[in-house]
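Me: Let's go through the salt bridges here. I want each label set against its cut-off.

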Amino acid sequence: MKLKFIEHKEAQDKNGRYERDIYEIGNYQVIRDLSIYESGKTHERFGVNPNRKMDYLPEIYFNYDIFGDNDTKEFRIQTTSYGSLSPVVIQKVIDGYNEAVEVVNILTNKFLKQED
(Lines give C-alpha, C1' and ligand atoms only; values in the text may rest on other atoms or scores of the structure.)
Protein backbone atom coordinates (compact mmCIF):
# COMPACT_ATOMS: atom_id res chain seq x y z
CA MET A 1 0.00 0.00 0.00
CA LYS A 2 1.34 3.44 -0.91
CA LEU A 3 0.51 6.98 0.06
CA LYS A 4 -0.46 8.77 -3.16
CA PHE A 5 -0.26 12.57 -3.31
CA ILE A 6 -3.35 14.13 -4.94
CA GLU A 7 -3.37 17.91 -4.46
CA HIS A 8 -1.69 20.87 -2.71
CA LYS A 9 -3.33 24.20 -1.83
CA GLU A 10 -1.93 27.30 -0.11
CA ALA A 11 -3.33 30.53 1.26
CA GLN A 12 -1.77 33.41 3.15
CA ASP A 13 -3.05 36.29 5.23
CA LYS A 14 -1.61 38.75 7.75
CA ASN A 15 -1.47 36.03 10.44
CA GLY A 16 0.43 33.37 8.50
CA ARG A 17 0.44 30.77 5.77
CA TYR A 18 -1.91 27.81 5.47
CA GLU A 19 -1.30 24.65 3.47
CA ARG A 20 -3.48 21.67 2.65
CA ASP A 21 -2.22 18.45 1.10
CA ILE A 22 -4.59 15.71 0.03
CA TYR A 23 -3.53 12.07 -0.30
CA GLU A 24 -5.09 8.69 -0.93
CA ILE A 25 -3.98 5.47 0.68
CA GLY A 26 -5.89 2.22 0.35
CA ASN A 27 -9.54 2.98 0.97
CA TYR A 28 -8.80 6.21 2.87
CA GLN A 29 -8.42 9.87 1.94
CA VAL A 30 -5.92 11.82 4.05
CA ILE A 31 -6.08 15.60 4.46
CA ARG A 32 -3.07 17.26 6.09
CA ASP A 33 -3.54 20.88 7.15
CA LEU A 34 -0.52 22.91 8.22
CA SER A 35 -0.76 26.41 9.68
CA ILE A 36 2.46 28.43 9.91
CA TYR A 37 1.84 31.54 11.95
CA GLU A 38 3.65 34.89 11.77
CA SER A 39 5.19 34.12 15.17
CA GLY A 40 6.86 31.02 13.73
CA LYS A 41 4.61 28.57 15.55
CA THR A 42 3.07 25.78 13.52
CA HIS A 43 -0.05 23.66 13.93
CA GLU A 44 -0.59 20.43 12.02
CA ARG A 45 -3.90 18.57 11.71
CA PHE A 46 -4.94 15.43 9.87
CA GLY A 47 -8.28 14.14 8.70
CA VAL A 48 -8.29 10.47 7.72
CA ASN A 49 -11.56 9.62 6.01
CA PRO A 50 -12.60 6.06 5.16
CA ASN A 51 -14.41 5.24 1.95
CA ARG A 52 -18.04 5.25 3.10
CA LYS A 53 -18.96 2.58 0.57
CA MET A 54 -16.71 0.08 2.35
CA ASP A 55 -18.34 -1.90 5.16
CA TYR A 56 -16.33 -2.45 8.35
CA LEU A 57 -13.58 0.05 7.56
CA PRO A 58 -12.82 1.78 10.87
CA GLU A 59 -12.34 5.48 11.44
CA ILE A 60 -8.79 6.74 12.00
CA TYR A 61 -8.25 9.76 14.22
CA PHE A 62 -5.28 12.07 14.72
CA ASN A 63 -4.70 12.87 18.38
CA TYR A 64 -2.61 15.78 19.57
CA ASP A 65 -2.96 17.40 22.98
CA ILE A 66 -2.49 20.97 21.75
CA PHE A 67 -3.32 22.58 25.11
CA GLY A 68 -1.76 20.02 27.43
CA ASP A 69 1.73 19.23 28.58
CA ASN A 70 1.92 16.13 26.42
CA ASP A 71 2.99 17.00 22.88
CA THR A 72 2.67 13.42 21.63
CA LYS A 73 1.05 13.14 18.23
CA GLU A 74 -0.47 9.85 17.15
CA PHE A 75 -2.98 8.20 14.87
CA ARG A 76 -5.57 5.99 16.56
CA ILE A 77 -8.06 3.46 15.19
CA GLN A 78 -11.69 3.49 16.32
CA THR A 79 -13.01 0.22 17.70
CA THR A 80 -16.60 -0.87 17.84
CA SER A 81 -18.70 -3.91 18.66
CA TYR A 82 -20.83 -5.39 15.90
CA GLY A 83 -22.39 -8.12 18.03
CA SER A 84 -22.36 -11.70 16.78
CA LEU A 85 -21.50 -12.06 13.09
CA SER A 86 -20.94 -14.86 10.64
CA PRO A 87 -17.35 -15.96 9.96
CA VAL A 88 -17.56 -14.35 6.49
CA VAL A 89 -18.49 -10.98 7.96
CA ILE A 90 -15.92 -11.33 10.77
CA GLN A 91 -13.27 -11.72 8.08
CA LYS A 92 -14.41 -8.38 6.57
CA VAL A 93 -14.07 -6.75 10.00
CA ILE A 94 -10.56 -8.21 10.37
CA ASP A 95 -9.63 -7.06 6.86
CA GLY A 96 -10.84 -3.54 7.69
CA TYR A 97 -8.76 -3.41 10.87
CA ASN A 98 -5.72 -4.83 9.07
CA GLU A 99 -5.99 -2.09 6.45
CA ALA A 100 -6.38 0.57 9.15
CA VAL A 101 -3.28 -0.69 10.99
CA GLU A 102 -1.25 -0.57 7.78
CA VAL A 103 -2.50 2.95 6.98
CA VAL A 104 -1.65 4.17 10.51
CA ASN A 105 1.85 2.68 10.28
CA ILE A 106 2.49 4.37 6.92
CA LEU A 107 1.12 7.74 8.09
CA THR A 108 3.13 7.56 11.31
CA ASN A 109 6.34 6.79 9.45
CA LYS A 110 5.73 9.53 6.88
CA PHE A 111 4.52 12.37 9.08
CA LEU A 112 5.29 11.72 12.75
CA LYS A 113 8.71 10.06 12.94
CA GLN A 114 11.37 12.49 14.09
CA GLU A 115 14.61 12.63 12.14
CA ASP A 116 17.68 11.86 14.25
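Me: Why is lysine 9 called partly exposed?

Reply: First, the basis. This is a predicted model, where local features need pLDDT of at least 70, side-chain atom pairs count only at pLDDT 80 or more, and totals for chains, interfaces and linings use all residues. Residues are numbered from 1 along each chain as its sequence is written, and side-chain values use heavy atoms, without hydrogens and water. Now the label. Buried means under 20% relative accessible area, exposed over 50%, partly exposed in between (1.4 Å probe, protein chains only). Lysine 9 has 44%, so it is partly exposed.

Me: What makes lysine 9 and glutamate 7 a salt bridge?

Reply: The rule asks for a side-chain nitrogen of Lys or Arg within 4 Å of a carboxyl oxygen of Asp or Glu. The N to O distance is 3.9 Å, so the pair counts. Glutamate 7 is partly exposed, at 33% relative accessibility.

Me: How many salt bridges does this rule give?

Reply: Eight. One of them joins arginine 32 and glutamate 44 at 2.6 Å, N to O. Arginine 32 is in strand E3 (residues 28–37) and glutamate 44 in strand E4 (residues 42–50), twelve residues apart. Strands are DSSP runs of at least two residues, numbered from the N terminus.

Me: Why is glutamate 44 called buried?

Reply: Its relative accessibility is 9%, so it falls in the buried class. Arginine 32 is buried too.

Me: What does the salt bridge between lysine 73 and glutamate 44 tie together?

Reply: The pair meets at 3.5 Å, N to O. Lysine 73 lies in strand E6 (residues 73–77) and glutamate 44 in strand E4, so parts 29 residues apart in sequence are tied together. Shared partners join Asp21, Arg32, Glu44 and Lys73 into one network.

Conventions: Helix = DSSP H or I, 4+ residues; strand = E, 2+ residues; numbered from the N terminus.
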